[in-house]
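Here is a short briefing on the protein chain shown below. Please keep the sequence and the 3D view open while you read.

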Amino acid sequence: MTALKYEQALGLNGKDFRRRTGVDPETFAEMEAVLHNREASKRRSGRPPALPVGAQLLLTLEFWREYRTFFHLGQAWGMHETTVLRTVVRVENALLQSGRFSLPGKKTLTDAGTVLTAVVVDVSEVPCERPKKAGRPHTGAVLPKTAAGLVQREKEAPHAEIAAPDPSAHHADPLRHHGPWGDA
């Protein structure tokens, strides 16, 4: 399944590949080379990873591109969510340590020769439309614990003995035990 996703992504043309991953195929190849170099430089191999290097990178790019949860990515890739988390962190660390894929610092951005381009997106909040609580009858399953609610339930009972049992009536039940040891 993972090989199919990886091969399917590599088979896309440049424009569709960028739409799927968020990077150009050339950038993807550079990132994959960095990850292959990291794998080759390991002293001890340990347990083999759940995915090949290219699929690890594709998984990480899907996480960055789509902001899906680790659980959903794990379900899509046939892995546990903690394995997805470890894979994403491992790929991020390797790409950052290479120094080839980091963003420029503040000093670079504030230089006079740097031309900045900004995209402004209106994300103003709109209040949710909810029904007003005042003036609406209670529609929940739990009846309010008021005297009116109790009286209503008493009126609805078909028999008087069910609606209001007489607490002063003493029933002589031989099987009924009153005390903790069965003494009446």
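**Arg20 and its surroundings**

Beyond its neighbours within four places in sequence, Arg20 contacts Lys5, Gln8, Ala9, Leu12, Leu58, Glu62 and Arg65. Arg20 sits in helix 2, which covers residues 14-21. The model is predicted.

**More on Arg20**

- Arg20 is partly exposed, because its relative accessible area is 22%, and the cut-off for buried is under 20%.
- Arg20 and Glu66 are 46 residues apart in sequence. In space, their C-alpha atoms are 9.2 Å apart.
- Leu58 and Glu62 are among the contacts of Arg20. Both Leu58 and Glu62 are buried residues of helix 4.

**Helix 4**

- Helix 4 spans residues 53-66.
- How far apart are the end C-alpha atoms of helix 4? They are 20 Å apart. At 1.5 Å a residue, the 14 residues should span 20 Å, so the two values agree.
- Helix 4 is largely enclosed by the rest of the structure, because 10 of its 14 residues are buried.
- The buried residues of helix 4 are Val53, Gly54, Ala55, Gln56, Leu57, Leu58, Leu59, Thr60, Leu61 and Glu62.
- An α-helix has 3.6 residues a turn, so residues three or four places apart point the same way.

**After helix 4: Tyr67**

- Tyr67 follows helix 4. Tyr67 lies in the loop between helix 4 and helix 5, the latter being residues 70-77.
- The phi of Tyr67 is positive, near 55°, and Tyr67 is a residue other than glycine.
- Is Tyr67 buried or exposed? Tyr67 is exposed, because its relative accessible area is 69% and the cut-off for exposed is over 50%.

**Gln56**

- Gln56 belongs to helix 4.
- Gln56 counts as buried because its relative accessibility is 1%.
- Which residues does Gln56 touch, not counting those up to four places away in sequence? They are Arg38, Pro49, Leu51, Thr87, Arg90 and Val91.

**The largest pocket**

- The largest pocket has a volume of about 270 Å³.
- The largest pocket is lined by 11 residues. Those closest to its centre are Arg47, Pro48, Pro49, Ala50 and Arg90.
- The lining divides into 3 nonpolar, 4 polar and 4 charged residues.
- Pro49 and Arg90 are among the lining residues closest to the pocket centre. Pro49 and Arg90 are also among the residues that Gln56 touches.

**The whole chain**

- The protein chain has 9 helices and 0 strands. Along the sequence, the pattern is α-α-α-α-α-α-α-α-α.
- The chain has 184 residues, and 20% of them count as buried.
- Among contacts with a separation of 6 or more, 54% join residues 24 or more positions apart.
- The protein chain exposes about 15000 Å². Carbon and sulfur atoms supply 57% of that area.

Key. Residues are numbered from 1 along each chain as its sequence is written. This is a predicted model: local features need pLDDT of at least 70, side-chain atom pairs count only at pLDDT 80 or more; totals for chains, interfaces and linings use all residues. Side-chain values use heavy atoms; hydrogens and water are left out. Helices (H or I, at least four residues) and strands (E, at least two) are DSSP runs, numbered from the N terminus. Buried means under 20% relative accessible area, exposed over 50%, partly exposed in between (1.4 Å probe, protein chains only). Contact means heavy atoms within 4.5 Å. On a 1 Å grid over the protein atoms alone, a cavity is a set of points where a 1.4 Å probe fits but cannot get out, and a pocket is an open set with protein on both sides within 12 Å along at least five of seven lines; lining residues have an atom within 4 Å of a point. Grid points are joined across faces, edges and corners, and a volume is the space filled by probe spheres set on the points. Ala, Val, Leu, Ile, Met, Phe, Trp, Tyr, Cys and Pro count as nonpolar, Asp, Glu, Lys and Arg as charged, and the others, Gly among them, as polar. The expected span of a helix is 1.5 Å times one less than its number of residues. Accessible areas come from the Shrake-Rupley method with a 1.4 Å probe; for residues, only the protein chains shown count as cover.
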